Amino acid sequence: MKTRLGCLSNKSDSYNDFSEFLPPAHETTARCLKLSTDEVVRWSESFDHLLAHKYGLAAFRTFLKTEFSDENIEFWMACEDYKKIKSSAKLVSKANKIFKEFIDVQAPREVNIDYRTRERTKEGLADPSPTSLNEVQAKVYSLMEKDSYPRFLRSKMYQDIVNRAHAQGQRRSV
């Protein structure tokens, strides 16, 4: 609890809030993944590029936590996992879990969707298939792409990541 309160008292856009997902600056071993400036800049080219990159996704998740809206990316990731399930019993179980956690009215991590989408999703989950969550996932994706993603690209966090990648690149080329 003390840690959570301490985090709230800090400025939410400070570098310390999100540096933990990056490779340590002092590590130079070959096994340590280094971010190139090109990779980091590519995140700004499309939301898909950002989500497809391990560190891009981690950075975006961390950013959403600072904005208290990480339920959106957590929901999107749960849907991605859901689509990969082959067993119908596991599909039902995972669908119910996702619904209770993210979609149901008063869910602990409720995503912001309209009533009609919520009801259609509820009906579709009566007999779940791998595509049952596609509509609601697309709405949450669109919300993040149009709202959170542009703010992420303007954030001090993203600018710090670009600058750090650039500095690492300069050190390597020397």
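The chain averages a pLDDT of 83, and 78% of the residues score at least 70; pLDDT is the predictor's confidence in each residue, from 0 to 100. This is a predicted model, where local features need pLDDT of at least 70, side-chain atom pairs count only at pLDDT 80 or more, and totals for chains, interfaces and linings use all residues. Residues are numbered from 1 along each chain as its sequence is written, and side-chain values use heavy atoms, leaving out hydrogens and water.

Now look at helix α7, residues 115–124 (helices are DSSP runs of H or I, at least four residues, numbered from the N terminus). T117, R118 and T121 are buried here, meaning under 20% relative accessible area with a 1.4 Å probe, protein chains only; exposed is over 50%, and partly exposed is in between. Seen down the axis of α7, the buried residues fall within an arc of 100 degrees (taken from the directions from the helix axis to the C-beta atoms), so they line one face of the helix. Their cover includes α6 (88–103) and α8 (134–154). On the other side of α7, Y115, R116 and E123 are exposed.

Next stop is K83, in helix α5 (residues 71–83). K83 is partly exposed, at 34% relative accessible area. Beyond neighbours within four places in sequence, K83 is in contact (heavy atoms within 4.5 Å) with P130, N134 and Q137. K83 and N134 sit 51 residues apart in sequence, yet 8.9 Å apart in space, C-alpha to C-alpha.

Terms used. Helices (H or I, at least four residues) and strands (E, at least two) are DSSP runs, numbered from the N terminus.
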